[in-house]
Amino acid sequence: MATTVTVDDFKSDKVSKKQAISFLQENASVQFLKDQKLFGKLAPIAKGSSKDKVMAALEAFHSDPSAKKSGDDEDLNEALEATKALKIKEDEARKNMKEAAKEDVAEEQVKFTKKILKKEKSTDCDSALIPLL
């Protein structure tokens, strides 16, 4: 978002809650977002946070100069590296599970076979072979 979001704009409903949270996520440091509990995906945070909470976070952001994002935000870099490593591990685990499932299907042996016997038509000579008492 190119424009700044002020508390007055947010109070007068010129700016929505999602827009205000998005502004904070783009311009605030990671530590500030974690302290205000606004770090994460936008939709769940906007749904779970109240208007008063976002207003307080905006006031704290504008009053505290250390809350603004710096060029070398170490926390953000650490979070990105941890997320990448976790995603790589999850992808490898999925691949291993798929390969194991394929091997299980290939190794499974057939225990039973299905055999269908056709019923033959009876002829007149069949009845002649049965002894009558």
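**Close-up views of a predicted model**

**View 1. Buried residues of helix 2.** In this predicted model, the residues Ala20, Ile21, Ser22, Phe23 and Leu24 of helix 2 are buried. The buried residues of this helix pack against helix 1, helix 3, helix 4 and helix 5.

**View 2. The surroundings of Ala20.** When its neighbours within four places in sequence are left aside, Ala20 is in contact with Val5, Phe10, Val15, Val54 and Leu58.

**View 3. The largest nonpolar core.** This core is made up of 20 residues, and those with the most contacts inside it are Ala20, Leu24, Leu58 and Phe61. Two or more residues each are given to the core by helix 1 (7-11), helix 2 (17-27), helix 3 (30-36), helix 4 (42-48) and helix 5 (51-63), and the largest share, 5 residues, comes from helix 5.

**View 4. A salt bridge between Asp13 and Lys51.** Side chains of opposite charge can pair when their charged atoms come close. Here the side chains of Asp13 and Lys51 form a salt bridge, with 2.6 Å from N to O, and this pair links distant parts of the chain, since Asp13 lies in the loop between helix 1 and helix 2 while Lys51 lies in helix 5, 38 residues apart. Asp13 counts as exposed because its relative accessibility is 56%, whereas Lys51, at 33%, counts as partly exposed.

View 5. Arg94 forms a salt bridge with Asp91, and their closest N and O atoms are 3.4 Å apart. Both residues lie in helix 6 (residues 74-107), where they are 3 residues apart, or about one turn of the helix. Arg94 counts as exposed, with a relative accessibility of 51%, while Asp91 is partly exposed, with a relative accessible area of 35%.

Methods. Residues are numbered from 1 along each chain as its sequence is written. This is a predicted model: local features need pLDDT of at least 70, side-chain atom pairs count only at pLDDT 80 or more; totals for chains, interfaces and linings use all residues. Side-chain values use heavy atoms; hydrogens and water are left out. A nonpolar core is a set of buried Ala, Val, Leu, Ile, Met, Phe, Trp, Tyr and Cys residues joined through side-chain atoms within 4.5 Å. Buried means under 20% relative accessible area, exposed over 50%, partly exposed in between (1.4 Å probe, protein chains only). Helices (H or I, at least four residues) and strands (E, at least two) are DSSP runs, numbered from the N terminus. Contact means heavy atoms within 4.5 Å. A salt bridge is a side-chain nitrogen of Lys or Arg within 4 Å of a carboxyl oxygen of Asp or Glu.
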